[in-house]
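Here is a short briefing on side-chain packing. Keep the sequence and the 3D view open while reading.

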Amino acid sequence: MEWLNAENAIAVGTAVLGLVASVAVVWYERRIPRRRRIGFRVQMDTPIGSQARNGRRTNVRLGLFSDFSDLSDATLVLLRIENDGVQSIASDDYTSRELHGLTAVFTGRTIRGIAVTQPSEATHLMGHFTPAAGLRYEGDTLHLPKVPLNKGQHFKVLALLTGGTVGDEVEVTGGIRDGEVKRNQSTTVDDTLPLFSRPARLITVLFTVCVITLASIIVLRSDVSPPIGCAAGTLTVTGSTAFGPAAERLAESYENACPGSDITVDEHGSTAGIRELDAAGAKAASSGSSPPLIAFSDGPKPNGYPELRENPVAVSLFTLVVNDRVTVRDLSLAEVRKIYQGQIRNWKDVGGPNLPILLVSRDANSGTREVFQRQVLQRNEPANSSRDCRTKDDLDSTVIRCELDSTTQVLSTVARLPGSIGYSEPRAASATHGLHSLSIDGQAASIETLDTSGYPYREIEYAYTYGRPPADSLAASFVNYVTRGAGQDVVRDQGHFPCLSPEGLRLCGGQRSA
C-alpha cells in the first residue's frame, strides 16, 4: 500500500501533535501550575496500644508505654504537609479568617498529644508553631498556624491518638489564595516532590494511546474489502452460557468486519436455546421465512428437533472448580463419581480439609451439565436437595446439591461457599477469584494437550440453525464465519479447539457443517 497520501499524513500529523500535547501537559503540570498548592499525606498510621485487634495482640510494649492503661488503644499518625507546587506560599496566602490556616481532622480518634518536626534546612519554621499563632487541638481536630512554605518545603506532625482504629480517615482542609489543599502521593524518597495529579496522568495516557492507535490503524491497515459473504441485518445468538464469552467475541469481530450487521448475544443455556430456536423456526416457517436466530449447544441437540441443522464449531473444554478453602487439586474419575453419588461427602475423605461437600450445579437447560453427566459421571446428577446451596432441604437426600441458571452464578457461588464444587469452562474459571480448577486423573483442562490427552470433560460445540437459512442471510454468513472463516481464530483465542484445524478434524469426529 502506498502510505504517503493525504489521509495517512493527517493521521501521522495527529499522532505527532498528540505526543507534543502530552509532553506539554506534563511540563505544564509540573512547571507552570496556575494555582498554589499544599499537599498532605499520611506517612505512618500504626497502633502502639496493648489492646488486642482481630483476636491477637498487635505489639509488645515495655517501659513508658506499658505504664499508662489509658493508652491501650493508642495509635501514632505521622502526617506530612508540604508545598508541592512551584510558587511560594506566604502567611497572607491563607484565606481563613481564623488565627489558624489549616485544620487536620483524625476521624473517630481523640488527640492526646502532638509533635511538629521540620527538615534541618527549615528550622526557622518552628517559630510559627505556637499557641499564639493558632496551634491548638481539641477532640479529633488539630488547628495548624499559617506557616509560610517555600517551594518544596514541608513539615511533619506526629500525633498521639486514642480511640478509633488504624486506617480511619485523616483529612486536612483550608483555603489558599488562587490555590488548593489536597491529598497527594509519592512513590519516591521522602524529600522528592510527589507525582503529578491524577487528571493530568489520565489525560496524558488516554490522549497518547488514542492518537497513536489512530495513526497505526490508518497507516498499517491494508486496503482489503470486507470478507466474502458479509451480510447486513440483525441476528440473535442464544444457547450455551459456557460458550457465551466466545459468542460475544465472535459477534463483535464479525460486526467489525461486516458493516451493517447487528448481532445480539442472549444466552440462556444449551437446551433452552435449542427450544427457543425450534419455536422461532416453526413460527417463521408458517409465514415462509427463516428466523434470524442461531443457538450454540455444548454437545449434540436432544432428540425431537428434526428441523434443526448442526454445524460443528469446536471442541470445548470444561473443568471442575472448587472453593479455595478446599486444598485438593486433583481427583480420580472414580472419586468424582463417588462424590456425585453421595458415597464421599466430606473433603477429608479425599485428602482435603474437614468440610462437607456442597454440589453447585446447573439446571436442566445447561449443556455444560449434560456434558458432565454424559462424559464424566456417565449417569444423571442426583436430585436437587437445597435452595441455598448450603443446607439440605430434602433430609432423605445423600448429598447437598443446588441448581443455578448460569455459569456465572455457579462460579460466584463456588467462590463464596467453603467446601463447594461446581463446573465451568476454564477461561471463566481462571478469571474468578476464590476458587481453583481440579484436574481429573492428573489431566488438566488444557487446549494445548487436548489432542493427545484423555481428559474426559470435553465436548463438541455446535451452532444450530432452523433448516438451511437463505445463502444471503446474516444467519448463514455468521455460521460460515464461525465454522470455516476467520472466526475459527477467534474461537481458538477464546480457549476452544477449532474443528477446522487438522487436529480438530480428528477430535470432532470428521463431522462437517450441515
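Which residue lies over the face of phenylalanine 497? Arginine 492 does, at 5.1 Å from the ring centre. A charge counts as over a ring if NZ of Lys or CZ of Arg is within 6 Å of the ring centre and within 35 degrees of the ring normal.

This is a predicted model, in which local features need pLDDT of at least 70 and side-chain atom pairs count only at pLDDT 80 or more, while totals for chains, interfaces and linings use all residues. Residues are numbered from 1 along each chain as its sequence is written, and side-chain values use heavy atoms, with hydrogens and water left out.

**Aromatic pairs**

- The structure holds ten aromatic pairs. Rings of Phe, Tyr and Trp (its six-membered ring) pair if their centres lie within 6.5 Å; planes under 30 degrees apart are stacked, over 60 edge-to-face, and the rest tilted.
- Phenylalanine 318 and tyrosine 457 form a tilted pair, because their ring centres are 5.3 Å apart and their planes sit at 35°.
- Phenylalanine 318 lies in the loop between strand S13 (308-317) and strand S14 (319-323), and tyrosine 457 in the loop between strand S19 (435-440) and strand S20 (458-466), so the pair ties together parts 139 residues apart in sequence. Helices (H or I, at least four residues) and strands (E, at least two) are DSSP runs, numbered from the N terminus.
- Phenylalanine 318 is buried at 1% relative accessible area, and tyrosine 457 is buried at 0%. Buried means under 20% relative accessible area, exposed over 50%, and partly exposed in between (1.4 Å probe, protein chains only).
- Tyrosine 340 and phenylalanine 372 pair edge-to-face, because their centres are 4.9 Å apart and their planes are at 70°.
- Tyrosine 340 belongs to helix H6 (residues 333-341) and phenylalanine 372 to helix H7 (residues 367-377), so this pair ties together parts 32 residues apart in sequence.
- Both tyrosine 340 and phenylalanine 372 are buried.
- Ring pairs join Phe318, Tyr340, Phe372, Tyr423 and Tyr457 in a cluster.

**Helix packing**

- The axes of H6 and H7 come within 11 Å and cross at roughly 125°. Axes are lines fitted to C-alpha atoms, for helices over the stretch in contact, with angles from 0 to 180 degrees between N-to-C directions.
- H6 is therefore oblique to H7. Angles under 35 degrees count as roughly parallel, over 145 as roughly antiparallel, 65 to 115 as roughly perpendicular, and the rest as oblique.
- Leu333, Val336, Arg337 and Tyr340 of H6 make the contact with Phe372, Val376 and Leu377 of H7. Contact means heavy atoms within 4.5 Å.
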